[in-house]
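Hello,

Here is the structure I promised to pass on to you. Have a look at it first, and then read my notes below.

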Amino acid sequence: MAGLVQELSRRQQALTEELRATGIPVFFARPDIEFYQSVICDNPSYINALVTGPKGEGDFHQGDEPSPLCVWENHVCISRESFHPNSDGTSAYARLLRTTLDNIGYARS
C-alpha cells in the first residue's frame with residue numbers, strides 16, 4: 001500500500017509541476033507525510049477501516065432499501081466512510097492545508 005501511495009504522490013506532484021510550467025498557479029502538498037504512521041492499522045489511525053451498517057446505500061439512512069451492494073445475508077452494507085479519513089484524519093488534512101497556504105504566502109482574510 002505504501003508503494004501505491006508514493007506512486008500517486010509522485011504522479012500528482014509531476015502533474016502539478018507540468019501545470020505550473022504552463023503558468024497555471026497550482027500547488028502540491030504531500031498528504032502521505034502527515035499521515036505517516038497513522039493509517040488503518042496504526043494507533044492512532046487517521047483512516048477508517050471497513051465501516052459497516054445495517055442497510056442503505058452505504059451511508060445508512062433510516063428507511064433506505066437495502067443496496068444491491070450489500071453482500072451479507074442481513075443486508076449489512078459497506079459504508080462510504082470506509083477507508084476515508086476519520087475526524088483525526090480530517091484534522092491532519094486541515095493542518096497540511098494551513099501549512100501549505102502559509103508556505104506559499106497565502107494571506108489570511
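How many residues apart in helix H3 are arginine 98 and aspartate 102? They are four residues apart, so about one helical turn separates them. Helices here are DSSP runs of H or I with at least four residues, strands are E runs of at least two, and both are numbered from the N terminus.

A word on the source: this is a predicted model, where local features need pLDDT of at least 70, side-chain atom pairs count only at pLDDT 80 or more, and totals for chains, interfaces and linings use all residues. Residues are numbered from 1 along each chain as its sequence is written, and side-chain values use heavy atoms, leaving out hydrogens and water.

Overall, the protein has three helices and two strands, in the order α-α-β-β-α along the sequence. Of its 109 residues, 22% count as buried (under 20% relative accessible area; exposed is over 50%, partly exposed in between, with a 1.4 Å probe and protein chains only).

Now the charged pairs. The structure holds three salt bridges (a side-chain nitrogen of Lys or Arg within 4 Å of a carboxyl oxygen of Asp or Glu). Arginine 98 forms one with aspartate 102, with the closest N and O atoms 3.2 Å apart. Arginine 98 is partly exposed at 27%, and aspartate 102 is partly exposed at 40%. Elsewhere, shared partners join Glu7, Arg10 and Arg11 into one network of salt bridges. Glutamate 7 meets arginine 10 at 2.7 Å, N to O, and also arginine 11 at 2.7 Å, N to O.

Best wishes
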